[in-house]
Amino acid sequence: MRMGDNLLVMLQGDLEDGTVEEIEREVTREVARTRAKGALIDVSGLSVVDSFVARIISRIVAMIRLLGSEATIVGVQPAVALTLVELGVPLGHVETALTAEQGMARLRGRRDERGR
């Protein structure tokens, strides 16, 4: 979903591997097509994340950055955070925020910093 200069990507339910890979292709295609300045990836609808889904989310963020855009993940549930840490998925490059509002503020703040 487009929100001004940003895209909102909502992940929900139990995602199968093929679905996650399709989401990866669609998100990167839309960022490039729309020249979005940022992408807010809302994972609040995910109750469980396995290592494959976590790696794909991390890859999506990296690809968005390679396309010249910014990305922020919002809505990480405590159980999902615990799983990500236990799996040791490298997410050091991933910006996070508790809410979509905070995530949008982070996207705007990083764009302002780059503009200076």
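Analyst: We take the sheet, then the helices.

This is a predicted model, in which local features need pLDDT of at least 70 and side-chain atom pairs count only at pLDDT 80 or more, while totals for chains, interfaces and linings use all residues. Residues are numbered from 1 along each chain as its sequence is written, and side-chain values use heavy atoms, leaving out hydrogens and water.

User: In what order do the 5 strands lie in the sheet?

Analyst: Strands (E, at least two residues) and helices (H or I, at least four) are DSSP runs, numbered from the N terminus, and two strands pair if DSSP finds at least two bridges between them. Here the sheet is open, with the order β1-β2-β3-β4-β5 and mixed pairing. Because β1 (2-3) and β5 (95-97) stand at the edges with a single partner strand each, one side of each is left without a neighbour in the sheet. Strand β4 (residues 70-74) pairs with β5 in the parallel sense over 3 bridges, and Ile 73 stands opposite Thr 96 in β5.

User: At what angle do α1 and α2 pack?

Analyst: Two packed helices are described by the angle between their axes and the distance between the axes. Axes are lines fitted to C-alpha atoms, for helices over the stretch in contact, and angles run from 0 to 180 degrees between N-to-C directions. For α1 and α2 the angle is about 10°, with the axes 10 Å apart, which makes α1 roughly parallel to α2 (angles under 35 degrees count as such). The contact (heavy atoms within 4.5 Å) includes Val 20 and Val 27 of α1 and Ile 56 and Ile 60 of α2.

Conventions:
Parallel < 35°, antiparallel > 145°, perpendicular 65-115°, else oblique.
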